[in-house]
Amino acid sequence: MFVVAVANTKGGVGKSTVATHLAAHFARCGHATALADLDRQKSSLAWLGRRPSDLPRIKGLDLSKSDAKIPKGVERLVVDAGAAMRGVAVQDLVKRSDVVVIPTLASAFDEDGIARFLKHLDKIKAIRKHKRAVAFVANRVRLRSRAVEHLEFFLAAQEFPVVAQLRDTQLYVSAAADGTSLFEMRGGRAASYVAEWAPLIRFLTDSAEAGR
Ligand SMILES: Nc1ncnc2c1ncn2[C@@H]1O[C@H](COP(=O)(O)OP(=O)(O)O)[C@@H](O)[C@H]1O
Ligand SMILES: [Mg+2]
């Protein structure tokens, strides 16, 4: 089983958006996929509840129960980590994950949040020893804006790569409301936004293959 944790202690940065999209991607590739939600708001599980039955199936898992078990046969597990996750919980999740994806917005507040989150990560041996792949996703970017330039500058100084930049579009809000993803939208309207996911998907595919 290949496990992707989508984490950032800050709320509203796109964790649920990224987690639901990655789960939709894996399911579309034909992998037996599960989506776990550690956030108190349970947005990802609610999204799953709205998911049309004719789309590739994703199994919802509630890992907040202490006796929670991951069903046999799951090939891809995406974990939407709660915004309030701190210390020990982060460590435990990271230990159980193959890749940690950190969505972030382009703002000074988010940079403070990232600095704090990276401090947590740095306490984890597997991260310090580079045994876990970690990647940033810059979300809701307005291309060529000063905020993005600043974020790029800030993230370049961190030790983990920015693997994707996702632009701001209402299509994500529609996808969230409909239990779907941009990958599953008909017509060409989402195509240029879908293309922005390619480097992140490649990063995950490479990590999954390297771990086999
Ligand atoms: N790239 C984007 N463009 C437009 N809206 C977005 C984008 N990413 C996320 N959103 C919206 O922003 C809100 C917060 O995103 P969400 O994924 O729920 O963040 P988190 O899970 O980190 O709290 C949601 O309403 C979501 O639909
Ligand atoms: Mg969320």
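**Figure 1. The salt bridge of Asp168 in the predicted model.** Asp168 is partly exposed, with a relative accessibility of 26%. Its partner in a salt bridge is Arg140, and the closest N and O atoms of the two are 2.8 Å apart. Asp168 belongs to the loop between S7 and H7, whereas Arg140 sits in strand S6 (residues 133–141), so the contact ties together parts that are 28 residues apart in sequence. Arg140 also counts as partly exposed, at a relative accessible area of 44%.

**Figure 2. The salt bridge between Glu196 and Arg167.** The side chains of Glu196 and Arg167 meet at an N to O distance of 2.3 Å. Glu196 lies in the loop between H8 and helix H9 (198–210) and Arg167 in strand S7, so this pair links parts that are 29 residues apart in sequence. Glu196 is buried, with 14% relative accessible area. Because buried requires a value under 20%, Arg167, at 22%, counts as partly exposed.

**Figure 3. The salt bridge between Arg51 and Glu184.** The N to O distance in this salt bridge is 2.6 Å. Arg51 is found in the loop between helix H2 (43–49) and S3, and Glu184 in the loop between helix H7 (170–178) and helix H8 (191–194), so the pair ties together parts that are 133 residues apart in sequence. Both ends are buried: Arg51 has a relative accessible area of 11%, and Glu184 has a relative accessibility of 12%. The model has three salt bridges by the rule applied. In general, side chains of opposite charge can pair when their charged atoms come close.

**Figure 4. The open sheet of seven strands.** The strand order is S3-S2-S4-S1-S5-S6-S7, and the pairing is parallel. The edges are formed by strand S3 (59–61) and strand S7 (162–167), each of which pairs on one side only. From one strand to the next, the twist averages 20 degrees.

**Figure 5. Pairing of S1 with S5.** Strand S1 (residues 2–6) and strand S5 (residues 99–104) run parallel and are joined by three bridges. Val4 has Val99 of S5 as its bridge partner.

Figure 6. Four bridges pair S6 with S7 in the parallel sense. In one of these, the partner of Val137 is Ala164 in S7.

**Figure 7. Helix H1 and the residue just after the helix.** Just after H1, Gly30 adopts a positive phi of about 95 degrees.

Methods
Residues are numbered from 1 along each chain as its sequence is written. Chains are lettered from A and ligands numbered from 1 in the order in which they are written. This is a predicted model: local features need pLDDT of at least 70, side-chain atom pairs count only at pLDDT 80 or more; totals for chains, interfaces and linings use all residues. Side-chain values use heavy atoms; hydrogens and water are left out. Two strands pair if DSSP finds at least two bridges between them. Helices (H or I, at least four residues) and strands (E, at least two) are DSSP runs, numbered from the N terminus. Axes are lines fitted to C-alpha atoms, for helices over the stretch in contact, and angles run from 0 to 180 degrees between N-to-C directions. A salt bridge is a side-chain nitrogen of Lys or Arg within 4 Å of a carboxyl oxygen of Asp or Glu. Buried means under 20% relative accessible area, exposed over 50%, partly exposed in between (1.4 Å probe, protein chains only). The expected span of a helix is 1.5 Å times one less than its number of residues.
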